[in-house]
Amino acid sequence: MSQPAEPFSATGRCLCGQVSWGVTGRLPPVGFCHCSQCRRVSGTGSNAVLSVKADRLVWLSGETALKAYALPSGWSTTFCETCGCPTPHLGPHGRWFVPAGSLDDQPDLAIAGHIFVADKPGWAVIGDEAPRFPAWPPKA
Ligand SMILES: [Zn+2]
Ligand SMILES: [Zn+2]
């Protein structure tokens, strides 16, 4: 466990509590991905993650309990070896994908938008007005 240079804006943990983490800085908006991989990892119609800069996440406990699973395509996920709960996952662009549903005290978060909406099942209903994209969002 390392000490953050500033207070945490949010903390989170896995279901069994073995793995926990903190995030510093302003919390980014939550983004939803409705692709088949994210649906399987979350068990529902989409995942919900915050994209956090690499140096803004601090592991508080359980870093040795993290397991990763990668598909041949390179798509991968990280989870707790004991309870299987998705945990922050370092994405290909050096940012953490932090599961929004595992944050403590449910901070108020803006919504960034929805990607891979073309893969969304009909029973998963989007209830916000944030931008929606059939697959990846257009490059900024
Ligand atoms: Zn766990
Ligand atoms: Zn996805």
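1. Basis. In this predicted model, local features need pLDDT of at least 70 and side-chain atom pairs count only at pLDDT 80 or more, while totals for chains, interfaces and linings use all residues. Residues are numbered from 1 along each chain as its sequence is written, chains are lettered from A and ligands numbered from 1 in the order written, and side-chain values use heavy atoms, without hydrogens and water.

2. First zinc site. Four cysteine SG atoms hold the zinc ion (ligand 1): Cys14, Cys16, Cys80 and Cys83, at 2.3 to 2.4 Å. Donors here are N, O and S atoms within 2.8 Å of the metal (3.2 Å for Na, K and Ca); water is not among the atoms, so sites may look incomplete. The angles among the four donor atoms run from 105 to 115°, and the site is tetrahedral. That label requires four donors with all angles between 85 and 135 degrees.

3. Spacing at ligand 1. Along the chain the donors read C-x1-C-x63-C-x2-C. Cys16 and Cys83 link distant parts of the chain, 67 residues apart. Cys16 sits in the loop between strand E1 (8-13) and strand E2 (20-24), and Cys83 in the loop between strand E7 (76-80) and strand E8 (89-90). Strands (E, at least two residues) and helices (H or I, at least four) are DSSP runs, numbered from the N terminus. Cys16 is partly exposed at 39% relative accessible area. Cys83 is also partly exposed, at 25%. The classes are buried (under 20%), exposed (over 50%) and partly exposed in between, with a 1.4 Å probe and protein chains only.

4. The zinc ion (ligand 2) is coordinated by the SG atoms of Cys33, Cys35 and Cys38, at 2.2 to 2.3 Å. The donor spacing is C-x1-C-x2-C. Cys35 is buried, with a relative accessible area of 8%. Cys38 is buried too, at 7%.

5. Aromatic pairs. There are three. Rings of Phe, Tyr and Trp (its six-membered ring) pair if their centres lie within 6.5 Å; planes under 30 degrees apart are stacked, over 60 edge-to-face, the rest tilted. Trp59 and Trp96 have ring centres 5.6 Å apart and planes at 85°, so this pair is edge-to-face. Trp59 is in strand E5 (residues 57-61) and Trp96 in strand E9 (residues 95-99), so the pair ties together parts 37 residues apart in sequence. Both Trp59 and Trp96 are buried. Trp21, Trp59 and Trp96 form one aromatic cluster.

6. Phe116 and Trp136. This pair is edge-to-face as well, at 5.1 Å centre to centre with 80° between the planes. Both residues lie in the segment after strand E10 (111-115), 20 residues apart. Phe116 is buried, at 15% relative accessible area. Trp136 is exposed, at 66%.

7. Largest pocket. Its volume is about 1,400 Å³. A pocket is an open set of points on a 1 Å grid over the protein atoms alone, where a 1.4 Å probe fits, with protein on both sides within 12 Å along at least five of seven lines; lining residues have an atom within 4 Å of a point. Volume is the space filled by probe spheres set on the points. Of 45 lining residues, Cys33, Val49, Phe97, Ile115 and Trp136 are closest to the centre. Strand E4 gives the most, with five residues.

How values were computed:
Four donors count as tetrahedral if all angles lie between 85 and 135 degrees; four count as square planar and six as octahedral if opposite donors are over 155 degrees apart and all others between 65 and 115; anything else is irregular.
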